There are 4 protein chains.
Amino acid sequence: MDPYAPTPADRFTFGLWTVSNPGRDPFGEPTRAPMDPTHAVAKLAELGAYGVNFHDHDLVPDGTPAAERDRIVARFKRALDEHGLVVPMATTNLFTDPVFKDGAFTSADARVRHYAIAKTMRAMDLGVELGASTYVFWGGREGAEVDGGGKLFDALSWYRDALDYLCDYARDQGYDLRFALEPKPNEPRGHAFLPTVGSALGFIATLQHPEMVGVNPELAHETMAGLSFPHALAAALDAGKLFHVDLNDQIMGRFDQDLRFGAENLKTAFFTVLALQEGGYEGPRHFDAHALRTEDEAGVWAFALGCMRTFKMLEAKAARFLEDPDVVAARAAYRADDPEGAWPPRYSGSHAEALKGRTFDLDALRLRGPGLEHLDQLTVEILLGVR
Amino acid sequence: MDPYAPTPADRFTFGLWTVSNPGRDPFGEPTRAPMDPTHAVAKLAELGAYGVNFHDHDLVPDGTPAAERDRIVARFKRALDEHGLVVPMATTNLFTDPVFKDGAFTSADARVRHYAIAKTMRAMDLGVELGASTYVFWGGREGAEVDGGGKLFDALSWYRDALDYLCDYARDQGYDLRFALEPKPNEPRGHAFLPTVGSALGFIATLQHPEMVGVNPELAHETMAGLSFPHALAAALDAGKLFHVDLNDQIMGRFDQDLRFGAENLKTAFFTVLALQEGGYEGPRHFDAHALRTEDEAGVWAFALGCMRTFKMLEAKAARFLEDPDVVAARAAYRADDPEGAWPPRYSGSHAEALKGRTFDLDALRLRGPGLEHLDQLTVEILLGVR
Amino acid sequence: MDPYAPTPADRFTFGLWTVSNPGRDPFGEPTRAPMDPTHAVAKLAELGAYGVNFHDHDLVPDGTPAAERDRIVARFKRALDEHGLVVPMATTNLFTDPVFKDGAFTSADARVRHYAIAKTMRAMDLGVELGASTYVFWGGREGAEVDGGGKLFDALSWYRDALDYLCDYARDQGYDLRFALEPKPNEPRGHAFLPTVGSALGFIATLQHPEMVGVNPELAHETMAGLSFPHALAAALDAGKLFHVDLNDQIMGRFDQDLRFGAENLKTAFFTVLALQEGGYEGPRHFDAHALRTEDEAGVWAFALGCMRTFKMLEAKAARFLEDPDVVAARAAYRADDPEGAWPPRYSGSHAEALKGRTFDLDALRLRGPGLEHLDQLTVEILLGVR
Amino acid sequence: MDPYAPTPADRFTFGLWTVSNPGRDPFGEPTRAPMDPTHAVAKLAELGAYGVNFHDHDLVPDGTPAAERDRIVARFKRALDEHGLVVPMATTNLFTDPVFKDGAFTSADARVRHYAIAKTMRAMDLGVELGASTYVFWGGREGAEVDGGGKLFDALSWYRDALDYLCDYARDQGYDLRFALEPKPNEPRGHAFLPTVGSALGFIATLQHPEMVGVNPELAHETMAGLSFPHALAAALDAGKLFHVDLNDQIMGRFDQDLRFGAENLKTAFFTVLALQEGGYEGPRHFDAHALRTEDEAGVWAFALGCMRTFKMLEAKAARFLEDPDVVAARAAYRADDPEGAWPPRYSGSHAEALKGRTFDLDALRLRGPGLEHLDQLTVEILLGVR
């Protein structure tokens, strides 16, 4: 028995668009043929995945007549049933069609904004029909290169108007759906309107139904801005807002790479796995990545299997880390309680006066060594399999 | 009359630490002598500034005995009165003393966390005594290089505990103070806990008194993460949370430079001025920057004057931009209403059904040119003074 | 007379691929229709351009039969003649065809390397036929995401083998061609093999005919790596290797944007213009950029005109800068000669002994203020048209 | 026997300045006490290091009288002898003293340039006296924030003048010294003049004695610019110019962190070890890094030991990688020879004609899968110790 072979119990999911990515980029034509969604389902099931997610357009190309749509959906359902995959999440493609070239919910053209809402409602219907309970919003085109246009303040309002409307729609339809906003700092737009996980958390607080809306942080997106993905996960979990997660990898400060999970930075991937575990995340582990453009279809499945295996290997490392006696001792030594006062301090006027007047042994506190180099080296040695 | 000569009516403020910066860096010793705070006050007044801000430690070095503290404060007040400067904002230095080497409110040592609260209360007292109505929190040491320590989730709680306590203190004392969190992505820590303006906005929503707490965005900090500062201002203003602002400049993706306002990117500076104006910000325009380390004291005052002059020049550009008939026409042409439906759409079941079924002339929408290259070139030509 | 209206005497050139860019990106379909090369020629001439450059594939799609090729070329020549445009530079498309997915001259497959050489020779023939005297090599696919493949050292050798062969070909054919290598740090590859202008300069020194080979620095590419483009130009000019230049704009640390010249950072654009002038560059000023994807064809011409106008406006600023008496005085004051010794020092044993033993008035040197804040503020005020 | 315990045979070296780093940063005072150089020597020897390197100023503070200098040197030599450490490399501190605030060899003040040469000659004497055979030049202050000063072109000349002079000095003295230029993109200056390894390689080609001068690439420096360190090593080795190497770690796009080797990116560290091995580098493995500012002295030694252990663990991984049958097979399958022609191709007119006319089976070449996802996943699994 290979302990790292994925099984549905691991709740690994892939976007249809990930394994079907044809390897096109701004400078080159596709290197791989289009893939039938049912083939993707069959192969992912064979590899041990739990589910598959999609944009409306991945499954039912925009403009498909109703009868053809139904035929596609029925065929896809049969494939899911046959191979035992589920659809935990769905989303809308609001970026491929040139109609969205200057934004969907934040287009300066109100007709485009209305169209984006209409398209999203239909895509929500499709997602729910296939069983999705999380609905992701990645505002790929919500952003700007030219700030002179003067829509900066309006754009945030329009975005909010659209989300409020769509929350109402979900409630009105009785859909058991949670919304998850997916931030990204740039690309394809020069600057995106909800650039980081924090931005999305801040924006949610201004919505009419904040309780329905959380975030879908993506490792690559946060990394593009040079931010720590484990820290972003912690912020989302701290706010009770981690509704979904997009796992992949990325080199900082460049174009969106969507690399295989663990392909660039194994330590970040490790602390990602650990944060999900320590933060109590129980949703699907979704890989939003794709095989390198150099690869053929065999490379695609090597990529997909690699994402899952690396997650499982790091999960085993996390267990070892949490049990390692030297790690346990170092983590305990790192913390110090305050014998003179419990934390958190409860405010009262007299408590404040006493605290203001208290004398601290600052020299002792300055000299205390936290042992973090030692602890970090232990982490490295566990990651390398040397302890 | 020089139209760009600053006057107190412009509400320009500087931190004491900015003009007094001695030009020390990680690789070199100071190039300038320490500056007496009262000298800074006199010179800033002479240049036309409105106010001066400080960290507790800038004015009253940590550990100063009470009598000496009072003498320093009285002397500083006299200088303010004599030169007609005010103190709109104050803050705490929770980063210079090695006691804070692994965080202040988020130190793993509860004694340090208690000390940080005590120090902040005393610094709030000092700030209020000198007239401050905004109190800034820059968590310079709140962050981590080593995530293995296991405090990631606790750190956010500890941060919140401290802010909640300090809100209670301000209320209990009857202080007319608003708190402004200042985000920064990294430096001096590897990763900071509230890395972006969005992060702070999201975190505020989890506090006990969110209404007391806003943000103090800094141009350099947001730029270090490659994010748009005008966009960050818009997000803060949209949330009603722009309580203060730190103006300077910075090249993306490197160490914190705190350059003279407008020194790196004049277009970003222009849209910053425009966003403050269009967003209705009426607080002080605070420069959190310092002269290059190459400079002597003459260079410091050239730097300070330059910050203010550039702001005023860009303010004049903003007025010209908003009045330029070609700009007005281009901005009008950029937007399109929807003859078939008002925005924002008001949700009802029937509205949603109608919208889902509506036919859009997508080809027309795809082909519409927004004129953004033209508008952006107009902006450039106004900036260059050519129109 | 508009002093900023471009004329052929300004030697402005555009790539065919720039104005014909259809607005496709990794997340969206084209927003603009294909453009006939002769239409591009006519419009560029109308706007005042001097010349047009192309990749083989831009003019003659790969795989075009010989007769059709000749017909296309003849028609294009007629358009050039009719509109008075020249072709100063040509290049090879070694990146669009999936055959180059893992490199052209550095592919691990020797057949691809041979094909790349063959394609380049044919493209050189075409370029020379149309009058090009500079031949650019942008190794778009020369790079890697996976270093485990083991070709890292070989790749540089293969690259050199190919360039040496092509130098021989140009010499053998009697072509009056200089080669210009165009560096880029990443995209479409994870890491490119000649990432910066410096890398190319270093690599040239290892070639068989270094005198034939120089560089074609691109503003956006150097900026993607956070490097200074004016500094890169200075390094290329210092080495006598600035054979061509690609002008555009770019935000640091993100995907390749190819923005309108001056669209992001006017100060960098200004020092670019100044460096070209002070360094004595007399070649074409080539814009390698494209209109934003949001734009229609009107936006494309607004973009192209804007590139040229901004260059001319900055050229006028450069003249003013060099004549401004305060700037002249500040630049003079910035420098100091050494009364005790000429520079450069000529080595002799006794000179070295004397220099080692010399006493310097270090305190005076430490305190000297270079006046750089003042000078930089003068620059800003000239840029803003305020002086 | 611990296979990862360092021994002198591993040729690990540290800078005196690395383990003695007091933990000062731009926002905080030192957290650690100064360390006696002889204590550093004793401890490094105890941990298994091979040698120690220094700046003149680390060992003999600037301005030390001659007699005191001799006493310090003698005492240091005794410590080296006693503990069996060598000094393979030395360098000059041309950045701490405010006299160098605007450059050393590139200062606009010729007196500073002369002083920098004098100081370097004395430091070379000291280095040679202690046995150094490599002399490093890190131009920490060679750069600019303000390009208006007009020294951009002169600066490169001045830099070259100084290096040419110092080459003459070394030759004249009969020193068996090689010079190694250490590039860095920025910090402490806004932009440094030799920003990348490539820049240094290009610059060397313009010197009078290029054969004496190579590079000292630093992992953190190249990473700050988002470049690949293994690729930079390959370029230096390809040019025969890898004279020394600085190992550490760094997060991209931020301040210079000088982290423990392997602390951030284990895969980059692995390919660094592999490139040194495959490229035949036999010089010292120098760690130019320091313990986190949070740490006490115990943390310093945990840091130093960790650097060495991680190198040795990755060396063992490299051996395993090169022997793993699946890796060997994948690397072999990745490459393809060309049955129709040897590589490198030898130029002749007839060869060129034949190649231009050759028909390639492009479809077959397009479809070929290189197996890089598979190979990269094997690498990850070896790194994690799972295979």
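In chain B, 8 strands form an open sheet. Their order is β8-β6-β4-β3-β2-β1-β10-β9, and the pairing is parallel. Here strands (E, at least two residues) and helices (H or I, at least four) are DSSP runs, numbered from the N terminus. Two strands count as paired if DSSP finds at least two bridges between them. The edge strands of chain B are β8 (213-215) and β9 (246-247), and each pairs on one side only. The model is predicted: local features need pLDDT of at least 70, side-chain atom pairs count only at pLDDT 80 or more, and totals for chains, interfaces and linings use all residues. Residues are numbered from 1 along each chain as its sequence is written, chains are lettered from A and ligands numbered from 1 in the order in which they are written, and side-chain values use heavy atoms, with hydrogens and water left out.

Strands β1 (residues 12-15) and β2 (residues 51-55) of chain B pair in the parallel sense over 3 bridges. G15(B) has N53(B) in β2(B) as its bridge partner. Helix α11 (residues 297-323) of chain B packs on this sheet. The helix touches β1, β9 and β10 (285-287) of chain B, contact meaning heavy atoms within 4.5 Å. The direction of α11 makes about 145° with that of β1(B). Axes are lines fitted to C-alpha atoms, for helices over the stretch in contact, and angles run from 0 to 180 degrees between N-to-C directions.

Chain D also has an open sheet of 8 strands, in the order β8-β6-β4-β3-β2-β1-β10-β9, with parallel pairing. Its β8 (213-215) and β9 (246-247) stand at the edges with a single partner strand each, so one side of each is left without a neighbour in the sheet. Strands β1 (residues 12-15) and β10 (residues 285-287) of chain D pair in the parallel sense over 3 bridges. F14(D) stands opposite F287(D) in β10(D). Two helices of chain D are described next. Helix α6 (residues 152-173) lies across β4 (134-138), β6 (178-182) and β8 of chain D, running at about 155° to β6(D). Helix α7 (residues 197-204) of chain D packs on the sheet and touches β6 and β8. Its direction makes about 170° with that of β8(D).

The loop between β6 (178-182) and β7 (191-192) of chain B holds P188(B). The peptide bond from E187(B) to P188(B) is cis, with omega near 10°. E187(B) is placed in the loop between β6 and β7 of chain B. Its phi is near 70°, a positive value in a residue other than glycine. Most residues other than glycine have a negative phi, and most peptide bonds are trans. In chain C, a cis peptide bond joins E187(C) and P188(C), with omega about 10°. P188(C) lies in the loop between β6 (178-182) and β7 (191-192) of chain C.

Contacts between chains were then examined. Chain A puts 100 residues in contact with 100 residues of chain B. The two chains bury about 8,500 Å² between them, 64% of it on carbon and sulfur atoms. Buried area is the accessible area (1.4 Å probe) that two parts lose on being put together, summed over both. There are 10 salt bridges between chain A and chain B. A salt bridge requires a side-chain nitrogen of Lys or Arg within 4 Å of a carboxyl oxygen of Asp or Glu. One of them joins R366(A) and D97(B), at 2.6 Å from N to O. Helix α6 (residues 152-172) of chain A gives the most to the side of chain A that touches chain B, with 13 residues.

The contact between chain C and chain D takes 100 residues from each chain. About 8,500 Å² is buried there, and carbon and sulfur atoms give 65%. H114(C), W343(C) and Y347(C) supply 10% of the area that chain C buries against chain D, more than any other three residues. Across this interface there are 10 salt bridges. K356(C) forms a salt bridge with D125(D), the closest N and O atoms being 2.4 Å apart. Helix α6 (residues 152-172) of chain C supplies 13 residues, the largest share of the side of chain C that touches chain D.

Over all chains, the whole structure contains 142 salt bridges. D10(A) and K312(A) meet in a salt bridge of 2.9 Å, N to O. D10(A) lies in the segment before β1 (12-15) of chain A and K312(A) in helix α11 (residues 297-323), so the pair ties together parts that are 302 residues apart in sequence.
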